Amino acid sequence: MVSGSGASSTVKPTVSVPGTRRKTGSQFPNDQETPKPRSLFSKPARMVPCPLQPGQASGSNASPLGRTAPSGYNPCYGKVVARIAPVFSLTRFLGIAYPDSLKSYLRSRRRRVVINAMHAKSGGGVTYLRNILPLLADNPQLEPHIFLHRSQLPLFHPMDERIIVHAFDFPLGLARLMGWEQVILPIMARVMSADLIFSPANFGSMLAGRQVILLRNALAVAKTETRWGKRLYWIALGLITFISLLRAKQAIAVSRYAADSLSLGFGKHFRKKIRIVHHGISPVFCPAPSVERLNFILAVSDIYVQKNLHTLFQAMKLVFERHPDLRLLVAGQKIDEWYYNLVVALGKDLGINDNILFLGRLDTEELLNLYRQCRLFVFPSTAETFGNPLVEAMACGAPIASSNSAAMPEIVADAALLFNPLDSADMAQTILKLLDDPVLCQQLSVKGQDRAKLFSWTETAKQTIDVLIDASRSD
């Protein structure tokens, strides 16, 4: 299995992790205790080392990841706020003055935006934040702060030095995470005088004031999920999404499909609140005319039930009968172990496992090479609000066979051959049509490259910033 890798570094700055206690065998081996501060706002709190990009410096006045902090920023701020947030939240309501050192931190000419990244664990959520955070930091009107769990730090390494990182350490679990997000997060945001909370998931805190949510997780999974526990989870997520949409100042949808489906049939009532902003694509994804395409089909997705790999395997059974030397490569993280075991068992029953290879999570360079080398790219998902791999494959000139459901037709337009994702025979016929027609493949390749030029992270960030600044204005 191939997995992604991050850059190494010899310089290690400090990231404050509120409420962290030293643990044996921690992934941060240099974790050390320092004396407790005498003054809450003038002495450094204990820090947890974190890798830093080469060439970045750290010091006593460094904020997370070694950058120069905003005026008045104190490195013990995160730990202190975690303990006294309720007290200072109350003082704001009562009109009691803050200590001078906290006042200096709270003063800012830029709009302070808290980015709630707690749910960005894999796939499109991480891709979105890694690409858009540096572009948000480019804007002189914004002061971006990212809230995440300590365990997420490796996913965002290296972090842009202008992003202020608040890494928290508490026992993971859905109930604890939801409790922290619903109660602690809005209190901390209020204490630090945040102008806005941006939650790049379907939902955010019900107690937050000004908030923008990102509608990006498809709820149609509940229709394909057979496990009642999982189905109830998606139904509950739909309810929370709708409530969050009602309370949010504004919302961003990653596609027209996302705007319509995630508003649960009430889209016309939210037209003024929801703005459609497509995801972008990194410029590294581009064709390489000199690279020869090899005899394999590529599928890129983390392994969930809605990715529909079981139907793809049934279709590939028919394809392999005509092309026995062909291979199917699946690049993606095993998120749902139960579903992974199900598709592996299905492949064994169909007798096709020798033609299939699971690659696991890959880094950008490895994915780029696969997009450029694959004979064609297949996207069988049944529930998708955007589909980043589709745009990446188009940009690299890969011929595409795609599902005709959810947001896929909106994203690919006429740059792919579409099939019914629930019909394995239709899926197989579409794949075979591409395999047997190199002229059609070349036509789709050209169309895909032209289509991919419409998607840009720069434009995504520009439109997102407009929404954030507008939502951060006082009522």
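Two aromatic rings, from Phe, Tyr or Trp (its six-membered ring), count as a pair if their centres lie within 6.5 Å. In this predicted model, Phe 147, Phe 168, Phe 170 and Trp 180 form one aromatic cluster, and the structure as a whole holds 11 aromatic pairs. A search for disulfides across the whole structure, by contrast, finds 0.

**Aromatic rings**

- Among the 11 aromatic pairs is that of Phe 313 and Phe 358, whose ring centres are 6.2 Å apart and whose planes stand at 45°, so the pair is classed as tilted.
- This pair links distant parts of the chain, since Phe 313 belongs to helix 8 (residues 309–322) while Phe 358 belongs to strand 12 (residues 356–360), the two being 45 residues apart.
- Both partners, Phe 313 and Phe 358, are buried.

**A charge over a ring**

- Lys 334 is placed over the face of Tyr 340, at a distance of 4.3 Å from the ring centre.

**Cysteines**

- A disulfide is a covalent bond between the sulfur atoms of two cysteines, and the search of the whole structure finds 0 of them.
- Cys 286 takes part in no disulfide, and the nearest cysteine sulfur, belonging to Cys 396, is 6.6 Å away.
- With a relative accessibility of 29%, Cys 286 counts as partly exposed.
- For Cys 374, the closest cysteine sulfur is again that of Cys 396, and because the sulfur atoms are 8.5 Å apart, they are too far for a bond, the cut-off for a disulfide being 2.5 Å.
- Cys 374 counts as buried, because its relative accessibility is 0%.

Conventions
Residues numbered from 1 in each chain as written. Predicted model: local features only at pLDDT ≥ 70, side-chain atom pairs only at ≥ 80, totals over all residues. Heavy atoms only, no water. Phe/Tyr/Trp six-rings, centres within 6.5 Å; stacked < 30°, edge-to-face > 60°. Helix = DSSP H or I, 4+ residues; strand = E, 2+ residues; numbered from the N terminus. Buried < 20%, exposed > 50% of the residue type's maximum accessible area, 1.4 Å probe, protein only. Lys NZ or Arg CZ within 6 Å of the ring centre and 35° of its normal.
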